[in-house]
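This report is meant for a reader who is meeting the structure for the first time. It moves from the chains to their contact, and from there to the parts within one chain.

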Amino acid sequence: MGRRGPRRWQALLWLGPSLTLIAAVVVYPAIALVSASLSRYSITGVYQGSVGTRNYARLLEQQALPAVVANTAVWVTAVVAVTILISLALAQLLNERFPGRRLVRWALIVPWAASLIVTAKLFAWIYDYYFGILNRALISLHVIAEPIDWLGDDATVMGAMIAVGIFVSLPFTTYVLLAGLQAIPGEVYEAARVDGASGWRRYRSVTLPLLRPALLVATVLNVIYVFNSFPIVWTLNDRNPGFAHDTMITYMYKIAFKSALRDVGLAGALGVVNVLVILLAVVVYLSTVTWREAEA
Amino acid sequence: MKKAALSGAGLVLALVILSPYLVMVLTALKPESELRITPPRLTPVRWQPANFVAVLTDPDFQTWLRVSLVVALASTVIVVVAATPAAYYTARYRFRGRSAFLLLVLITQMFSPVALVVGLYRQFFALDLVNTYASLILTNAAFTLAFAIWILRAFFASIPREIEEAAAVDGCGKLRALVQVVLPLSLPAMVTVVIFSFIAAWNEYVVALTLMTDPSRKPLTVGITSYVTAYVQHWNHLFTASVIAIVPVVVLFALIERHLVGGLTAGSVK
């Protein structure tokens, strides 16, 4: 496309505002994060010199770490897996024409559009031991005999958080899978019907393989979103002392900003680990999607 | 018959999804005295819509609302101003570094600010920008930029080049072609970007929680949580404020629903 020299400067001009913003608020903080992980700070945040990789060594010595890593694995795996399964059914439903379909689409918008902190607070209230409506409903239905302290009992708190995580992940996932379903041409089904394939066979041998790209995208993006998720665990777990139910993200936040700890160096080391986990997921994402940059 | 079954399933599903928000609205309409009764009731005994007046006239709530509006509007303006030229140039021209730039944009989209929050805090602390609107506005803008670039870029690419070439014959430069010819055609994409950026900033929590410790600088998401703390438990006011905060956002979101998937999956689902 012609002239090259001036074009490069021109590109800088047009991309300049975006590049500046990314450099100032994404790249620079990433560098600040790495540098924090290699430094020591006073509890009030004053820099006290470099410590090399000592924060990383200290991170590995933290007693809470194994449980936090295990929680993160359980949280991400359970939320993403169940979300995908339910969303497959929801997308299938929304792909049909029936009276009231718009109502379902609108209902699905609400947990997506509402701020996560609002939904998290709402569930903290619904799960409340004394005054929450969940225990009341389950007791009336004779599912349980005694109220359960959903958010205070070590046996139930992770499950309660996972349920909310699934609830808020459904809309996006369903919409992605629905877009995938709508991209499958009708003739494919016609052909399968002519061949005499039954409903479930048709779904397994025709729909699912063609839905693979959408499933991959939904899975990898959800892994990233759920790993990064903060407000749900932060809110629903806020009564419990210690780190027994924290994920790597909320544990990092507590180390950095909870008044009693305020260990910026240690939090920085965990922050770097978190960033590496996300980068790994991004690499997986890039290798699964067809990177369509070349078009246009 | 099949349609009736589908409608029935759809109705049940809609109810299940909305039921928590029904609890929210009903709690928002309860008087304080009905919050702590056992066994709890779903509906108020005495309906108290005056909670909405109480919250709307609460000076603290008015402060949070103002902060949220300022932050969300300013961040939206920055997103549009930064994303538009980048989206246009990458949609129309090939140049060295284009792939690298788009890759960088994609990576920023995968990062939520919480992953970088320790670095963000160190940076704004060093620049003495903690508790400033600028810190929150810039952070919100940077993390919605990617979505805006994908949406606008796809839309610009769908506009035939000939229209701009005609403008070029008239002696229009690239910038004037963009502003006078392309942008007026791009209204639907622009609306999607504006609404999405506004909502993203409006709903943001963790950066605001970290950077805005001054009570007069807290946005709604952080502010409303002070209705329920270890010392006071005004759940009704928390949910009244929540209803006020989310109803406009849900309506706006419904308007752009159809365009969201494309922007969030960066053109990989067709």
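How many helices and strands make up the secondary structure of chain A? The model shown here is a predicted one, and in it the secondary structure of chain A comes to 12 helices and two strands. Read from the N terminus on, the elements of chain A follow the order α-β-β-α-α-α-α-α-α-α-α-α-α-α. Chain B, for its part, has 12 helices and zero strands, and along its sequence the pattern is α-α-α-α-α-α-α-α-α-α-α-α.

The table sets out some overall values for the two chains.

| Chain | Extent of C-alpha atoms along principal axes | Residues | Buried |
|---|---|---|---|
| Chain A | about 80 × 75 × 30 Å | 296 residues | 42% |
| Chain B | roughly 75 × 65 × 30 Å | 270 residues | 50% |

The contacts within each chain can also be described by how far they reach along the sequence. In chain A, residues 24 or more positions apart account for 70% of the contacts with a separation of 6 or more. In chain B, among contacts between residues at least 6 apart in sequence, 74% join residues at least 24 apart.

As for the confidence of the prediction, the model scores ipTM 0.93 and pTM 0.93. Chain B averages a pLDDT of 91, and 98% of the residues of chain B score at least 70.

**The contact between the chains**

Where the two chains meet, 83 residues of chain A are in contact with 84 residues of chain B. The elements of chain A that give two or more residues to this side include helix H1 (5–37), helix H4 (101–113), helix H7 (157–182), helix H9 (199–228) and H12. Which element gives the most to the side of chain A that touches chain B? That element is H1(A), with 18 residues. Sorted by class, the side of chain A that touches chain B has 63 nonpolar, 11 polar and nine charged residues.

**Two domains in chain A**

Chain A is divided into domain 1, which takes in residues 26–61 + 265–290 + 292–296, and domain 2, which covers residues 69–262. The C-alpha centres of these two domains of chain A lie 27 Å apart. Their contact takes 13 residues from domain 1 of chain A and 13 residues from domain 2 of chain A. On the side of domain 1 that touches domain 2, the classes are 10 nonpolar, three polar and no charged residues.

**A pair of helices in chain A**

One helix pair can be followed down to its residues, namely helix H2 (residues 54–61) of chain A and helix H12 (residues 264–288) of chain A, which pack with their axes 8 Å apart and at an angle of about 80°. By class, the residues of the contact of H2(A) with H12(A) divide into five nonpolar, three polar and one charged.

How values were computed
Residues numbered from 1 in each chain as written. Chains lettered and ligands numbered in written order. Predicted model: local features only at pLDDT ≥ 70, side-chain atom pairs only at ≥ 80, totals over all residues. Axes fitted to C-alpha atoms, helices over the stretch in contact; angles between N-to-C directions. Helix = DSSP H or I, 4+ residues; strand = E, 2+ residues; numbered from the N terminus. Nonpolar A, V, L, I, M, F, W, Y, C, P; charged D, E, K, R; others polar. Contact = placed C-beta atoms within 7 Å. Domains from an automatic or database assignment. Buried ≥ 20, exposed ≤ 12 C-beta atoms within 10 Å, placed from the backbone. pLDDT = per-residue confidence, 0-100.
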